[in-house]
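Trainee: I've got a new structure on my screen and I'd like to learn how to read it. Could you walk me through a few features?

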Amino acid sequence: MTSLAEKKGFIWFDGEIIKSEDANVHVLTHTLHYGLGVFEGVRAYETPEGTKIFRLNDHTERLFASAKAVELEIPFTVDEINKAQIEIVKRNDLKEAYIRPMSFYGSGSLGLRADDLKVHTIVAAWEWPSYMAPEVFERGIKVKISSYKRERGNLVSRSKVNGNYVKSMMALKEALREGYDEALLLDTENFISEGSGENLFVVKDNVLLTPNLEASLDGITRKAIISLAQEIDIKVSVVDLTEHDIVSADELFFTGTAAEVVPITQVNDSIIGAGKRGSVTEILQKNYFDQVRGKRASFPEWHTQVS
């Protein structure tokens, strides 16, 4: 399999489009050592009207909000980063793409003060099918409640900061090692937080429940699902959820730009509902996939034309 470093193509780097193989940084790059950078994961989908990026501006606004949370000044505007994402999908001739904008500190010096450092910004794009195997969208996945926890009430810990994802990786490794497909993390007060890289939704008595954002990322797909649910008169409630709420749910599913919409059919040893994708999950999943691929007239403002 070709590694990302070996893929031919182009990357937007500090305002210039360069060949992928030339997009290199020094081994003493500050963010490589300390993890203080911010990033986004964005998707472009092929639609009947050509390639469109899904909720582009929402993602870029969140990139800047994450940067503000860690006092990192991105040396470009929201509009410039939006245009860079559109351009890099075009230049790489991608009909569907996963897009990665990131801002990070350079190699001016090391140390926790992080002073006098240049902030670099890149935008890359490549073909990346679903984060999950195709069959799980119907079959569902098994989830392990992790021993790792999210910090509650901390703006930095719920922002999309590079270093935060070490805990996500460890939680996922733990789950995979024990025979599960994904991890579900609690927060420091033992309420349900989120998956390793996904927001969680619970269906109970035809009401859609989702954890508040005290210890969770403000997910763009999460926002879309809430809107899609409200569109068809499904009541949505944002609440603190316990382990009991999870294992007694009628349906569960994860959402995220990478994962999209994935049913959860087992948590630890507990089978959720009937042990298969539920009807509410199925309709929201269908509407989401139809939405991102331009098969619905609703929410046209969510789509940015590329080609």
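Trainee: Let's take Glu21: is it buried, exposed or partly exposed?

Mentor: The scale goes by relative accessible area: buried is under 20%, exposed is over 50%, and partly exposed is in between, with a 1.4 Å probe and protein chains only. Glu21 has 34%, so it is partly exposed. You'll find Glu21 in the loop between strand S2 (16–19) and helix H1 (30–34). Its C-alpha atom is 8.3 Å from that of Phe10, which is eleven residues away along the chain. By the way, this is a predicted model, where local features need pLDDT of at least 70, side-chain atom pairs count only at pLDDT 80 or more, and totals for chains, interfaces and linings use all residues. Residues are numbered from 1 along each chain as its sequence is written, and side-chain values use heavy atoms, with hydrogens and water left out.

Trainee: Which residues does Ser168 touch?

Mentor: Contact means heavy atoms within 4.5 Å. Leaving out residues up to four places away in sequence, Ser168 touches Arg150 and Ser196. Ser168 sits in helix H5 (residues 165–177) and counts as buried because its relative accessibility is 5%.

Trainee: How do I describe two helices that pack together?

Mentor: Two packed helices are described by the angle between their axes and the distance between the axes. The axes are lines fitted to C-alpha atoms, for helices over the stretch in contact, and angles run from 0 to 180 degrees between N-to-C directions. Take helix H6 (residues 220–231) and helix H8 (residues 279–292): the angle is about 115 degrees and the axes are 10 Å apart. So H6 and H8 are roughly perpendicular. In this scheme, under 35 degrees is roughly parallel, over 145 roughly antiparallel, 65 to 115 roughly perpendicular, and the rest oblique.

Trainee: What about H2 and H3: at what angle do they pack?

Mentor: Helix H2 (residues 56–69) packs against helix H3 (residues 78–91) at about 130 degrees, with axes 10 Å apart. H2 is therefore oblique to H3. Among the residues in this contact are Leu56 and Phe64 of H2 and Val78 and Ile86 of H3.

Trainee: Which residues touch the most other members of the largest nonpolar core?

Mentor: In soluble globular proteins, nonpolar side chains tend to be buried together. A nonpolar core is a set of buried Ala, Val, Leu, Ile, Met, Phe, Trp, Tyr and Cys residues joined through side-chain atoms within 4.5 Å. The largest one here has 42 residues, and Leu208, Ile225, Leu284 and Tyr288 touch the most other members. A second, separate core has 27 residues, including Ile53 and Val119.

Trainee: Which residue has a positive phi of about 70 degrees?

Mentor: That's Glu260, although it is not a glycine. Glu260 belongs to strand S15 (residues 260–267), and its 5% relative accessibility means that Glu260 counts as buried.

Terms used
Helices (H or I, at least four residues) and strands (E, at least two) are DSSP runs, numbered from the N terminus.
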